[in-house]
There are 2 protein chains.
Amino acid sequence: MKAKISDVAKIAGVSPTTVSRVLNNRGYISKETRENVYKAMKEINYFPNDIARSLFNKRTNLIGMIVPQTSNPFFGELAFHIESICASLNYKVLLCNSLNRIDKEKKYVEMLIRNQVDGVIAVTYNRGIFDSESQSLPVVAVDHYLSKDIPTVSSDNYSGGKQATELLISKGCKHIVHINGPLKLETPANLRRKAYENVMKKDRKQPITYEISNTFDRNIQRETISKVFEEHPEVDGIFASDDLLAALVVAEAQKRGKNIPRDLKIVGYDGTEASQTLLPGLTTVQQPIESIAQTAIDILLKEIEGEFSNIPREICLPVKLLEGQTT
Amino acid sequence: MKAKISDVAKIAGVSPTTVSRVLNNRGYISKETRENVYKAMKEINYFPNDIARSLFNKRTNLIGMIVPQTSNPFFGELAFHIESICASLNYKVLLCNSLNRIDKEKKYVEMLIRNQVDGVIAVTYNRGIFDSESQSLPVVAVDHYLSKDIPTVSSDNYSGGKQATELLISKGCKHIVHINGPLKLETPANLRRKAYENVMKKDRKQPITYEISNTFDRNIQRETISKVFEEHPEVDGIFASDDLLAALVVAEAQKRGKNIPRDLKIVGYDGTEASQTLLPGLTTVQQPIESIAQTAIDILLKEIEGEFSNIPREICLPVKLLEGQTT
DNA sequence: CTGAAAGCGCTTACAG
DNA sequence: CTGAAAGCGCTTACAG
């Protein structure tokens with residue numbers, strides 16, 4: 001049997017109330033009593049039951065974190081930073097991999113509510129996940145706008161798309177193609193694409209965009225990329241909306257005997273540690289993942305503390321163009 | 001205020017007991033009552049408080065998962081599979097990033113105990129994390145042996161190291177160097193190294209191993225790799241104990257104008273989706289990450305259910321050599 | 001400085 | 001088929 005507070009009390013010769021007070025450093029307690037209680041706790045290896053505490057306090061110090069998939073380095077890195085920062089603030093993180101599927105997201109939200117999380121950080125591209133049932137639940141959206149009631153933290157996707165496209169143009173590319181994820185999901189990729197289109201038009205170039213219908217199936221991605229080369233043999237620049245996609249482009253280009261960057265220039269997006277290590281030559285737009293995590297947590301904690309007043313609606317953090325050998 | 005069971009009871013015109021029975025599908029309940037209760041729950045948007053349930057049931061359906069760092073694709077992928085499988089089994093996952101630091105690991109274990117997790121899956125290379133206080137806590141160790149009481153799931157690191165080394169030899173390498181992570185941590189890398197040494201000796205070659213003192217500092221890793229080339233200009237084969245390290249080797253070799261695989265052949269380890277996408281040409285030993293996750297969960301659930309009898313002590317899953325263009 | 005009592009939201013014997 | 005009571009492990013007014 002696990003030790004409980006009454007066991008400690010018995011051994012220390014005090015009441016459970018007193019033990020609780022020692023535990024919580026509340027009220028006056030004689031030094032002697034305090035020491036006795038500590039000794040008793042040591043003796044029977046007592047650890048407070050945080051479940052019971054939470055029930056009383058109506059505060060769990062639990063945060064729900066919904067991401068598409070931690071195996072994607074961007075989300076893996078984001079999850080790492082979010083959890084690390086939370087841990088340092090004495091918050092615990094319940095991990096949820098949604099695969100961007102709305103049914104899973106809804107189930108996760110319900111699960112988080114049932115578990116009385118204090119708040120949720122969600123990287124989700126489906127609207128309406130946080131509807132009726134979760135009105136009073138503090139939520140921060142990362143990477144995409146969810147609703148006017150939910151603060152959003154993202155990086156400057158438009159600027160990133162703009163910088164990427166302008167770089168390709170400045171390097172002399174004439175036929176630039178953009179490849180992005182599923183548009184039906186309102187991902188940040190849409191803003192990157194928008195920027196690409198605007199820059200292209202401004203430069204009197206024809207925007208050509210391809211859409212990957214499924215973010216999680218490499219073969220579909222490969223097929224789409226292959227189609228780009230088939231349908232646009234003249235392509236000399238590709239802006240891919242994430243680094244994994246860019247890596248697939250690199251592979252396909254090499255397979256087709258193209259010299260990078262001479263025949264084809266490539267820019268990715270995200271600039272995670274993993275992609276910068278595994279494919280260090282890739283030119284990419286780097287997102288400030290740690291800042292995103294920190295900012296999201298700052299805002300969420302404010303919401304949790306009930307500081308509705310000075311919570312910013314939308315925070316957009318700067319990105320950084322990393323020039324490698326693919327441009 | 002959040003709705004509670006007594007609110008539902010009042011609206012449905014029954015006692016809390018009855019609502020609870022409907023919720024848990026226990027005992028006989030007239031169809032009419034059941035429907036009234038459901039209607040009431042809908043009406044006030046009631047969700048059971050799992051914290052309160054857990055307190056009574058002494059069962060949280062919570063699993064603690066300790067990994068070094070989800071930003072490393074291997075652990076990000078493992079975390080993804082573990083959480084996904086857990087979710088399908090109605091378990092929730094508390095994420096812990098330990099950075100392999102024993103102080104953090106100990107804190108996390110205490111936190112998990114306080115939160116009454118039903119069990120822990122730990123990828124940890126420091127012994128003695130699960131000591132006295134956690135005797136009765138179900139634990140599964142992944143990727144490394146922790147103690148004789150704790151079941152271990154890993155992949156066949158020795159075979160992987162053997163296959164990697166033999167491949168390099170069979171491709172004609174004469175001077176093969178092995179680079180691995182910190183040896184003071186009893187990581188699986190040690191077995192890979194052991195296999196390398198044995199194969200080398202059997203082939204009457206001199207094993208040469210380098211140790212990376214810090215897994216999380218790319219610069220230290222780069223320096224060590226640089227030293228390999230300085231001290232062993234004759235090197236024509238390198239077996240790196242993970243793919244990220246292998247990628248750094250590739251980069252350094254290219255910087256030094258070496259042609260891969262002509263002048264230098266490289267084998268990595270892990271074969272994650274991310275590394276296979278970002279660096280698809282890398283020859284590597286692929287770990288069966290999803291199977292590792294599944295097996296660890298199977299065993300943990302058995303421990304949780306108290307089936308001590310047929311729990312295997314150690315499970316070792318097969319690895320797969322993936323030949324790319326670096327050998 | 002310390003303790004008995006009530007209650008956090010739920011569930012389960014027990015009784016009817 | 002349904003309800004009143006007790007209890008999961010804790011904390012906090014309240015009283016002394």
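Let's start with Q116(B), which sits in the loop between helix 6 (102-114) and strand 3 (119-122) of chain B. Helices here are DSSP runs of H or I with at least four residues, strands are E runs of at least two, and both are numbered from the N terminus. Q116(B) is not a glycine, yet its phi is positive, about 60°. Is Q116(B) buried or exposed? With 14% relative accessibility, Q116(B) counts as buried; the cut-offs are under 20% relative accessible area for buried, over 50% for exposed, and partly exposed in between, using a 1.4 Å probe and protein chains only.

Before I go on, a word on where this comes from. This is a predicted model, where local features need pLDDT of at least 70, side-chain atom pairs count only at pLDDT 80 or more, and totals for chains, interfaces and linings use all residues. Residues are numbered from 1 along each chain as its sequence is written, chains are lettered from A and ligands numbered from 1 in the order in which they are written, and side-chain values use heavy atoms, leaving out hydrogens and water.

Now look at N90(B), in the loop between helix 5 (73-88) and strand 2 (92-97) of chain B. N90(B) is another residue other than glycine with a positive phi, near 70°. N90(B) counts as exposed, at 57% relative accessibility.

Next, a cis peptide bond. In chain A, the bond from I260(A) to P261(A) is cis, with omega near 10°. Where is P261(A) found? P261(A) is in the loop between helix 10 (243-255) and strand 9 (265-270) of chain A. Over in chain B, a cis bond joins I260(B) and P261(B), with omega about 5°.

Let's zoom out to chain A as a whole. Chain A has 12 helices and 12 strands. Its C-alpha trace spans about 85 × 40 × 30 Å along the principal axes. The radius of gyration of chain A is 25 Å, whereas a compact globule of 327 residues would have one near 20 Å. That radius is taken over C-alpha atoms, and the globule rule is 2.2 Å times the number of residues to the power 0.38. Of the 327 residues, 57% count as buried.

UniProt, in an unreviewed entry, places "domain: HTH lacI-type" at residues 3-57. Those UniProt positions follow the numbering used here, feature names are shortened, and annotations may be inferred rather than shown by experiment. Residues 3-57 of chain A are 71% helix and 0% strand, with end C-alpha atoms 21 Å apart.
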